[in-house]
Amino acid sequence: MDYKLENKQYGENCVVCGQTKAAGLHLYTSFICTECERSMIRTETSDPNYKYFVHQLRKITKPEIYS
Ligand SMILES: [Zn+2]
């Protein structure tokens, strides 16, 4: 009876949009949903959104290491 609640747990928190999505890909230890992945592919470097994606992705590719 609780299958709906269980279903929700299959989703993961997307690092870009911050929403819980079931479909997506893993980049290192982070999760990017399919929608954001597609958005990033479509986004040109001149697009203001590109900066946002880069900023979000920097959290993944460059974990803060103080050394
Ligand atoms: Zn997303």
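Mentor: Donors are N, O and S atoms within 2.8 Å of the metal. The structure here is a predicted model.

Trainee: Which residues coordinate the zinc ion?

Mentor: The contacts to the zinc ion run from 2.2 to 2.3 Å. Each is made through an SG atom, and the residues are C14, C17, C33 and C36.

Trainee: What spacing do the donors of the zinc ion follow along the chain?

Mentor: The donors are C14, C17, C33 and C36. Written as a pattern along the chain, their spacing is C-x2-C-x15-C-x2-C.

Trainee: How many residues apart are C17 and C36, and where does each lie?

Mentor: This pair links distant parts of the chain. C17 is in the loop between β1 (12-13) and β2 (20-21), while C36 is in helix α2 (residues 34-42). The two are 19 residues apart.

Trainee: What is the arrangement of the four donor atoms around the zinc ion?

Mentor: Four donors count as tetrahedral if all angles lie between 85 and 135 degrees. Around this zinc ion the angles are 102 to 115 degrees, so the arrangement is tetrahedral.

Trainee: Is C36 buried or exposed?

Mentor: Buried means under 20% relative accessible area. C14 has 2% and is buried, whereas C17, at 31%, is partly exposed. C36 has a relative accessibility of 8%, so it counts as buried.

Trainee: How many disulfides does a search of the whole structure find?

Mentor: A disulfide is a pair of cysteine sulfur atoms within 2.5 Å. The number of such pairs found in the whole structure is zero.

Trainee: Which residue forms a salt bridge with K21?

Mentor: The search of the whole structure finds one salt bridge. Its closest N and O atoms are 3.3 Å apart, and the partner of K21 is E35.

Trainee: Where in the chain do K21 and E35 lie?

Mentor: The two residues are 14 residues apart and link distant parts of the chain. K21 counts as buried because its relative accessibility is 17%, whereas E35, at 52%, is exposed. K21 lies in strand β2 and E35 in helix α2.

Trainee: Why does the pair of Y52 and F53 count as tilted?

Mentor: A search of the whole structure finds one aromatic pair. The ring centres of Y52 and F53 are 6.0 Å apart. Planes under 30 degrees apart count as stacked, over 60 as edge-to-face and the rest as tilted. The pair is tilted because the angle between its planes is 55 degrees.

Trainee: Is F53 buried or exposed?

Mentor: Y52 has 41% relative accessibility, so it counts as partly exposed. For F53 the value is 10%, so F53 counts as buried.

Methods:
Residues numbered from 1 in each chain as written. Predicted model: local features only at pLDDT ≥ 70, side-chain atom pairs only at ≥ 80, totals over all residues. Heavy atoms only, no water. Donors = N, O, S within 2.8 Å, 3.2 Å for Na, K, Ca; no water. Tetrahedral: all angles 85-135°; square planar, octahedral: opposite > 155°, others 65-115°. Helix = DSSP H or I, 4+ residues; strand = E, 2+ residues; numbered from the N terminus. Buried < 20%, exposed > 50% of the residue type's maximum accessible area, 1.4 Å probe, protein only. Phe/Tyr/Trp six-rings, centres within 6.5 Å; stacked < 30°, edge-to-face > 60°. Salt bridge = Lys/Arg side-chain N within 4 Å of Asp/Glu carboxyl O.
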